[in-house]
Amino acid sequence: MKKQDYGNESISMLKGAERVRTRPAVIFGSDGLEGCEHAVFEILSNAIDEAREGHGREIIVTRFLDKSIQVEDFGRGCPVDWNEGEQRYNWELVFCELYAGGKYNNDAGGDYEYSLGLNGLGACATQYASRFFDAVIRRDGKKYTLHFEKGENVGGLQAEKQDRKQTGSCFRWLPDLDVFTDIDIPLSYFTDTIKRQAVVNAGVKFVLRDETSLKKFEEHVFCYEKGILDYVTELTEESALTMPQFWEADRKGRDREDKPEYKLKISAAVCFSNKFQLTEYYHNSSWLEHGGAPEKAARAGFVSAINSYLKENGKYNKNESAVTWQDVTDCLVLVTNCFSTQTSYANQTKKAITNKFVQEAMTEFFKSRLQVYFIENKAEADRVAEQVLINKRSRETAEKTRQNVRNNLIKKVDISNRVQKFVDCRSKDPDRRELYIVEGDSALGSVKLSRDAEFQGIMPVRGKILNCLKADYVRIFKSEIITDLIKVLGCGVEITGGKKAADLSTFDLNALRWNKIIICTDADVDGFQIRTLILTMLYRLVPTLIQEGYVYIAESPLFEINYKDKTWFAYSNREKDEIVSEIGEGKKITIQRSKGLGENDPEMMWMTTMNPATRRLIKVIPQDAEETARMFDLLEGDNLQGRKDHIAENGYRFLELADIS
């Protein structure tokens, strides 16, 4: 069938609810459970903004058995009536328009000076992503109700009179499984999120109602009258080296000279402990899980102040290296709670901020406050200094011991003569060494000629190794190919297999002799199967190597493209087409399917497969390995009907690979 032309009619635009329902990850960061959870936080943050502005001091969150969620606040109530300026109803703007809200002029003294929700996305996006969304709003002596289904309003705005003293907003919605892959938000998400919000919103009472059986609810109440100070005190009650401190300051500045000035409100609760450590950063109530500017500021400010104190008081030994952030955090409990009228979030999920001024102001804040604190509290300062030095020296001793153990293991174990056809490299530094696992003797010869013998070793596997998913451990450890490979890795195995595995040591990651383990096979069906067998073996016997990111796959080119005296390598049909298009149609181009590894000349092998500067490596992540094992079990295991069904449904996608004509 002819492909559709890419012309003027090819461009289309998503409208209304489809802007969110089609691409939820753009707004919520994920179309899975994490995105569904973020939608909850979007609604919760609006209630929090109201409470912070002094409108209502209680927020009630309800988790229902049908997986719907309700958030109720007692603030002023969201404006929903006619908006003369926009010539539309406010409910349409709030719930049906992205980038519409009341928080855009916060830097000019608007309704929300320090707001968590600034982008005008949350309420609308959550409504669009819901199977149903009900809003009850009390304000101006009226009770307004709205009902939405799959992003569309049903019945318009309904209003009835009520007591003018009753104000607030109540939203109940059911996340849509047509939008999110999972909507079963665990109770732990609610308790963790709500507790964090209670910590950073001093004095606000949060009530979590969890429906445990039909119309029966368990209640959890969270409230910290002094906010982060109460929280840090609670955490360090039995392990404090120093008394918890609360520091705060107001600053004004700009991220760039030509940018507008904005306000920054800094607060931090600090304590040092020899038994407990924690660093948490919050900005406009959002937990910055990935830190950003505040974390960088804490690193710079704390390390600088503590390092200066150690130097000035002669605490360092002669020629001793300076302390690091790790040495400080090993005994630090720090919770920051900052607000700014302009915030640059890394993305809509608000897990990191990037404001340059925030980083600079907080760095100076930490440094100066610590210096004053150390001057005014000499005994506590000395305890902190001694503990940080203990952390530093313990870390250095552990690192030195670990390195010595690794080096000694390499010196003691000369396996190059014990494992047939294994080719070692010259370097003994485990942080440099790379092991290429290749298929067969022909590939061994080609890779050996093209490698960098200083740091690249080679281990050939002869034929197709055992399917480790189907075999029991006794049979696995009878395989000479597998036991030889485990010996070459040097780290032992994570499973014991009885007498047959007696000569393989118990797993020890510190004994691993390589920085990278690279599976290198031909780019054909046999090569893919051998790669899968090796990966399956690693997944079953040494899964930690995959979890810790030591395992890679070397991508081999599929095509060699020649034009005049130049050569290109393409790793896919699409890449081949792009290269040909760049050269230009009508030119005398030769394209040939790349040969097997054993037939490639050393120069090509070095450039495409061995050279760290030009090769393509794919890091194997745990999910890759799990999916590989699952699929391999389906294709090679005992589920005959499952295999037939899978081939019937998906076989057409791989016909090109089967074409050997």
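Visitor: Let's start with two helices, H3 and H6. At what angle do they pack?

Guide: This is a predicted model. In it, helix H3 (residues 33-52) packs against helix H6 (residues 187-200) at about 30°, and their axes are 12 Å apart. That angle is under 35 degrees, so H3 counts as roughly parallel to H6.

Visitor: And which hand does the crossing of H3 and H6 have, left or right?

Guide: H3 passes H6 in a right-handed crossing.

Visitor: Which residues make the contact?

Guide: From H3, the contact uses Glu37, His38, Val40, Phe41, Leu44 and Ile48. H6 contributes Tyr189, Phe190, Thr193 and Gln197.

Visitor: OK, step back. How many helices and strands does the chain have?

Guide: There are 21 helices and 24 strands. The chain has 661 residues, and 50% of them are buried.

Visitor: What share of the contacts is between residues 24 or more positions apart?

Guide: Taking contacts with a separation of 6 or more, 68% are between residues 24 or more positions apart.

Visitor: Now a sheet. In what order do the strands of the open sheet with E18 and E24 come?

Guide: The order is E18-E17-E19-E20-E24, five strands with mixed pairing. E18 (456-461) and E24 (617-619) are the edge strands; each has a single partner, so one side of each has no neighbour in the sheet. On average, neighbouring strands here are turned by 30° against each other, direction ignored.

Visitor: What holds strands of a sheet together in general?

Guide: They pair through backbone hydrogen bonds, either parallel or antiparallel.

Visitor: Which way do E19 and E20 run, parallel or antiparallel?

Guide: Parallel, with three bridges joining E19 (residues 516-520) to E20 (residues 551-554). As for partners, isoleucine 519 is bridged to isoleucine 553 in E20.

Visitor: Which helix lies across E17 and E18?

Guide: That is H12 (residues 440-450), which runs at about 140° to E17 (434-439).

Visitor: What about H14, how many of its residues are buried?

Guide: Eight of the ten residues in H14 (residues 480-489) are buried. Among them are Ile481, Thr483, Asp484 and Val488.

Visitor: What covers them?

Guide: The cover includes strands E17, E18 and E19, together with helices H13 (473-476), H15 (525-541) and H16 (543-547).

Visitor: How do H14 and H15 cross?

Guide: Their axes come within 12 Å and cross at roughly 65°. That makes H14 roughly perpendicular to H15. The contact is made by Ile482, Leu485, Ile486 and Leu489 of H14 and by Met537, Leu538 and Leu541 of H15. This crossing, with H14 passing H15, is right-handed.

Visitor: What follows H14?

Guide: Glycine 490, with a positive phi near 90°.

Visitor: One more glycine, then. Where does glycine 291 lie?

Guide: Glycine 291 is in the loop between strand E15 (286-287) and helix H8 (293-312).

Visitor: Why does glycine 291 count as buried?

Guide: Its relative accessibility is 1%, and buried means under 20%, so glycine 291 qualifies. Beyond its neighbours within four places in sequence, glycine 291 is in contact with Tyr281, Lys351, Ala352 and Ile353.

Technical notes: Residues are numbered from 1 along each chain as its sequence is written. This is a predicted model: local features need pLDDT of at least 70, side-chain atom pairs count only at pLDDT 80 or more; totals for chains, interfaces and linings use all residues. Side-chain values use heavy atoms; hydrogens and water are left out. Two strands pair if DSSP finds at least two bridges between them. Helices (H or I, at least four residues) and strands (E, at least two) are DSSP runs, numbered from the N terminus. Axes are lines fitted to C-alpha atoms, for helices over the stretch in contact, and angles run from 0 to 180 degrees between N-to-C directions. Contact means heavy atoms within 4.5 Å. Buried means under 20% relative accessible area, exposed over 50%, partly exposed in between (1.4 Å probe, protein chains only). Angles under 35 degrees count as roughly parallel, over 145 as roughly antiparallel, 65 to 115 as roughly perpendicular and the rest as oblique. A crossing is left-handed if the near helix is turned anticlockwise from the far one by less than a right angle, and right-handed if clockwise.
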